[in-house]
Amino acid sequence: MGNWKCGNCGYELQADKPPEKCPSCKEKCEFLDNTCYTPDCQYEGKDPRIK
């Protein structure tokens, strides 16, 4: 399962793939994969460097 962040409003969610529309802003937005792939953020599960 990945972590996704809305490129429009910043809403974050965990899912296998991003939704068609953002549950927060109700827009069709680009979702950024902010899943952690490095050891320095492995306990959080998401990469805080992705804004």
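Entry 1, the chain as a whole. I began with the contacts in the protein chain that have a separation of 6 or more, and found that residues 24 or more positions apart account for 25% of them. I keep in mind throughout that this is a predicted model. For the fold I noted 0 helices and 3 strands, which follow the pattern β-β-β when read along the sequence. The C-alpha trace spans about 35 × 20 × 15 Å along its principal axes. I then checked the radius of gyration, which is 11 Å and agrees with the value near 10 Å that a compact globule of 51 residues would have.

Buried residues make up 29% of the 51 residues.

How many of the residues of strand E1 are buried? I found that 5 of the 5 residues (2-6) are, so the strand is largely enclosed by the rest of the structure. Gly 2, Trp 4 and Cys 6 point one way from E1, while Asn 3 and Lys 5 point the other way.

Entry 4, the partners of E1. I followed E1 to strand E2 (residues 12-15), with which it pairs in the antiparallel sense over 4 bridges, and I noted Gly 2 standing opposite Ala 15 in E2. The two strands form a hairpin with 5 residues between them, and Gly 10 in the turn has a positive phi of about 90 degrees. E1 also runs antiparallel to E3, to which 3 bridges join it, and here Lys 5 stands opposite Leu 32.

I looked up charged pairs and found 1 salt bridge in the structure, formed by Glu 12 and Lys 5 with their closest N and O atoms 3.9 Å apart. I note that this value lies within the 4 Å cut-off for a salt bridge. Lys 5 is buried because its relative accessible area of 13% is under 20%, whereas Glu 12, at 32%, counts as partly exposed.

I ended in the segment after strand E3 (31-33), where Thr 35 is found, and recorded it as buried at 13% relative accessibility. The side chain of Thr 35 makes a polar contact with the side chain of Asp 33 at 2.6 Å, and also reaches the backbone nitrogen of Asn 3 at 2.8 Å.

Key
Residues numbered from 1 in each chain as written. Predicted model: local features only at pLDDT ≥ 70, side-chain atom pairs only at ≥ 80, totals over all residues. Heavy atoms only, no water. Salt bridge = Lys/Arg side-chain N within 4 Å of Asp/Glu carboxyl O. Buried < 20%, exposed > 50% of the residue type's maximum accessible area, 1.4 Å probe, protein only. Polar contact = N/O pair within 3.5 Å; in protein donor to acceptor, adjacent residues only side chain to side chain. Pairing = 2+ DSSP bridges. Rg over C-alpha atoms; globule rule 2.2 N^0.38 Å. Contact = heavy atoms within 4.5 Å.
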